[in-house]
Amino acid sequence: MDFEFSEELQAFSREVEAFLDEHATPDVADVLRENMAQIVDTPERRAFMKKLSERGWLGMTWPKEHGGQEKEGIYEYVLNEALARRGAPQIGKGVGIIGKTLIRHGSDKLKKEFLPQIIGAEVEFAVGYSEPNAGSDAANMQLRAEKVDGGYRLNGQKTWTTSAHFADWYWVGARTDATKKHDGISLFLIPMDHEGLEVRGLPTIGDELTNEVFFNDVFVSDDYLVGQEGSGFRYISEALDLERFTMFTYSPTEQRLEEVIDLVREGTLDDAPRREDPVTRQTIARLATEAEVARVLGLRFVHAAGRVGAKPPTVEASEYKLFATQLSQRVANAMLDLAGPGAQLRVRTEDAPLRGRGDMTYRYSVIDTIGGGASEIQKNIIARRGLGLPKNF
Ligand SMILES: Cc1cc2nc3c(=O)[nH]c(=O)nc-3n(C[C@H](O)[C@H](O)[C@H](O)COP(=O)(O)OP(=O)(O)OC[C@H]3O[C@@H](n4cnc5c(N)ncnc54)[C@H](O)[C@@H]3O)c2cc1C
């Protein structure tokens, strides 16, 4: 088996790096925002995405009939990981989640309206599945979508909707049938500035905002129902497989680990070179091995996902997300352990070891093991779908 990228892929990777050298300026790319670096929340970040679009790098794997190039998923992987490594905005939500789901299940009208905007970097989305009583058990969502003439009327609440405070459109699940659980859920697209939608910010442990969103008699026309009424949960499950992979990238963990390794190479412990301390060496060697496992699990997902049109591989997505996000926490622990007392300094403190990344990564890496489905839920999926063990809830 050949694990090396092809010559063509290596050339693409070099092209992406050269692009980033030129365009990933500090106002657009910031690794200290951790995984929130991926969101496109400022005019500068929007302009950056527009440049990616002009290069033809948005929707590369999509079918040609929808403006794509039918390239293999590995191209998007290389691009997204390179963006993530620099703390630049990423292609995840629009191209990877909403676009791919619309291609598989959306009406011609929705495809025509949204796919060109996604490829043209003209639209940002927020994703609304979670509610106060429906997080891990997303199928328990209670936001009510009542059928009325020509559409639906939505009332209720979502929570933890990241990006709702700047997005243009809301990709949202709601209950169209209270007598059925999974088959009672439908998926809708709603303009974020729609009358009756109220967004309230929720600060997180990782410094950035997520949001609560309240629906007060929000009318959505039939045209903005995604796919079939009652099939929303199936689409959401597929979209979550994509989210678990595209929005929880590997390269930032690798990049942080490289900073820790540099610290070990150059630092001292009790006036002796840190690199000679056996416990430190073992910690670092183990993390480096685990980083390689996370990288390969990611490539395994890309391989299993194949081209767009294939159903996303659920077990591979969960295995990757579980391992990669927990590894990120182990790297954060190592940052705090190895940087010494200075590791307690807040991120962006002048002269803090590792620029205060220990503090930030430690706080933020909690979020990554929760968003997109908590680690326990990933384990449940692997146990049930991968190993055929019985359902536990
Ligand atoms: C910063 C942030 C951003 C987010 N962004 C979004 C977003 O944009 N859109 C969106 O829809 N959601 C978003 N989420 C929500 C996220 O998907 C949920 O927080 C997550 O699914 C967990 O749900 P919960 O918070 O309700 O916790 P709960 O479901 O109440 O879980 C609490 C704990 O119990 C465990 N648990 C629950 N059920 C089981 C079980 N059956 N077996 C074993 N253990 C279990 C969980 O693993 C967890 O540890 C975001 C969350 C955060 C923190």
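Contact, throughout this tour, means heavy atoms within 4.5 Å. The structure is a predicted model, in which local features need pLDDT of at least 70 and side-chain atom pairs count only at pLDDT 80 or more, while totals for chains, interfaces and linings use all residues. Residues are numbered from 1 along each chain as its sequence is written, and side-chain values use heavy atoms, with hydrogens and water left out.

**Stop 1**

Begin by selecting Leu154, which, leaving aside its neighbours within four places in sequence, is in contact with Leu143, Arg144, Ala145, Ala174, Ile190, Phe215, Asn216, Asp217, Val218 and Val220. Leu154 is also one of the residues with the most contacts inside the largest nonpolar core, together with Leu52, Leu189, Ile190 and Phe215, and that core has 103 residues. A second, separate core has eight residues, including Met36, Ile39, Phe166 and Val347. A nonpolar core is here a set of buried Ala, Val, Leu, Ile, Met, Phe, Trp, Tyr and Cys residues joined through side-chain atoms within 4.5 Å. Buried means under 20% relative accessible area, exposed means over 50%, and partly exposed lies in between, with a 1.4 Å probe and protein chains only. In soluble globular proteins, nonpolar side chains tend to be buried together.

**Stop 2**

Next select Ala37, in the loop between helix H1 (7-23) and helix H2 (43-54). Helices (H or I, at least four residues) and strands (E, at least two) are DSSP runs, numbered from the N terminus. Is Ala37 buried or exposed? Ala37 is buried, with a relative accessible area of 1%, and, apart from neighbours within four places in sequence, Ala37 is in contact with Asp30, Arg45, Gly87, Ala88 and Pro89.

Move on to Glu76, which lies in helix H3 and is buried, with a relative accessible area of 7%. Not counting residues up to four places away in sequence, Glu76 touches Gly59, Met60, Thr61, Ile91, Val95 and Lys100.

**Stop 3: helices that pack together**

Axes are lines fitted to C-alpha atoms, for helices over the stretch in contact, and angles run from 0 to 180 degrees between N-to-C directions. Angles under 35 degrees count as roughly parallel, over 145 as roughly antiparallel, 65 to 115 as roughly perpendicular and the rest as oblique. The contact is made by Glu81, Ala84 and Arg85 of H3 and by Ser251, Pro252, Glu254, Gln255 and Glu258 of H7.

Now show helix H6 (residues 232-246) with helix H9 (residues 314-339), whose axes come within 9 Å and cross at roughly 35°. Here Asp241, Arg244 and Phe245 of H6 meet Thr314, Ala317, Ser318, Tyr320 and Lys321 of H9.

Keep H9 selected and bring in helix H8 (residues 278-305), which packs against H9 at an angle of about 155°, with the axes 9 Å apart. H8 and H9 are therefore roughly antiparallel to each other.

**Stop 4: two residues with positive phi**

Select Ala121, in the loop between helix H5 (108-119) and strand S1 (125-128). Phi of Ala121 is near 55°, a positive value in a residue other than glycine, and Ala121 is buried, with a relative accessible area of 14%. Most residues other than glycine have a negative phi. Arg355, in the loop between H9 and helix H10 (357-368), also has a phi near 55°, and at 39% relative accessibility Arg355 counts as partly exposed.

**Stop 5: Thr162**

Finish at Thr162, in the loop between strand S3 (151-158) and strand S4 (169-175), where Thr162 is partly exposed, with a relative accessible area of 22%. How many residues apart in sequence are Thr162 and Glu212? They are 50 residues apart in sequence and 8.8 Å apart in space, C-alpha to C-alpha. Not counting residues up to four places away in sequence, Thr162 touches Met36, Lys93, Ala126, Val127, Leu209, Thr210 and Asn211.
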